[in-house]
Amino acid sequence: GTTLKLNGGIISTFMPMSDVDWKIKRAKAIPGPGEYEPRDVSSTAGATFGEFTPKTTIEILQDRAASIPGPGQYDKGMPRARPKLEQLAPIFRVPDKHLEYITDELKKNKLSRSRANSRT
């Protein structure tokens, strides 16, 4: 014989609510137009919706200018000059042969660029 039992448990028949069902349930819980009494406004002058006044363009520019340092007020001085290739070569241990090649290529590039600019 077999060890399997033919009569097993019941598979669940639960049906979860769909998106539409949730929306219907929510709509039933919210009162419709005319189904409630709004609060009376106690003031006779009317209700205020806020007292915020946005900044004008001039005020925005003034705030921006106040946060930017003026001439001579920068924390850092002028930027330092970039070191020359010859100064960097010993630091990065570039062989002289390579340094000469790079220097020659840079000179060629400058010449071709200056010739191209002089034609325009």
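Predicted model: local features only at pLDDT ≥ 70, side-chain atom pairs only at ≥ 80, totals over all residues.

Me: What percentage of the residues in the protein chain is buried?
Reply: The protein chain has 120 residues. Buried ones, by the cut-off above, make up 3%.

Me: Which pattern does the protein chain follow along the sequence?
Reply: Helices (H or I, at least four residues) and strands (E, at least two) are DSSP runs, numbered from the N terminus. The protein chain has 4 helices and 0 strands. Read along the sequence, that gives α-α-α-α.

Me: Which element has the highest mean pLDDT?
Reply: pLDDT is the predictor's confidence in each residue, from 0 to 100. Over the protein chain the mean is 82, and 87% of the residues reach 70 or more. Among the elements, α4 has the lowest mean, 81. The highest, 95, belongs to helix α1 (residues 19–29).

Me: How many salt bridges are there?
Reply: A salt bridge here is a side-chain nitrogen of Lys or Arg within 4 Å of a carboxyl oxygen of Asp or Glu. One example pairs Lys55 with Asp63, their closest N and O atoms being 2.4 Å apart. Lys55 is exposed at 51% relative accessibility, whereas Asp63 is partly exposed at 39%. By this rule the count is 3.

Me: Which residue forms a salt bridge with Asp19?
Reply: Asp19 counts as exposed because its relative accessibility is 52%. The closest N and O atoms are 3.5 Å apart, and the partner is Lys23.

Me: Is Glu105 exposed or partly exposed?
Reply: Glu105 meets Lys108 in a salt bridge (3.5 Å, N to O). The two are 3 residues apart in helix α4, so about one helical turn separates them. Lys108 is exposed at 52%. At 34% relative accessibility, Glu105 is partly exposed.

Me: Which residues make the nonpolar surface patch of about 300 Å²?
Reply: Patches are made of residues with over 30% relative accessible area and no salt bridge: like charges are joined within 9 Å, nonpolar side chains (Val, Leu, Ile, Met, Phe, Trp, Tyr) within 5 Å. The areas come from the Shrake-Rupley method with a 1.4 Å probe, and for residues only the protein chains shown count as cover. One member lies in helix α4 (residues 96–119) and has a relative accessible area of 46%, so it is partly exposed. The patch is made by Tyr101, Ile102 and Leu106.

Me: What is phi of Arg93 near?
Reply: Most residues other than glycine have a negative phi. Arg93 lies in the loop between α3 (85–92) and α4, and counts as exposed because its relative accessibility is 77%. Its phi is positive, near 55°.

Technical notes: Residues numbered from 1 in each chain as written. Heavy atoms only, no water. Buried < 20%, exposed > 50% of the residue type's maximum accessible area, 1.4 Å probe, protein only.
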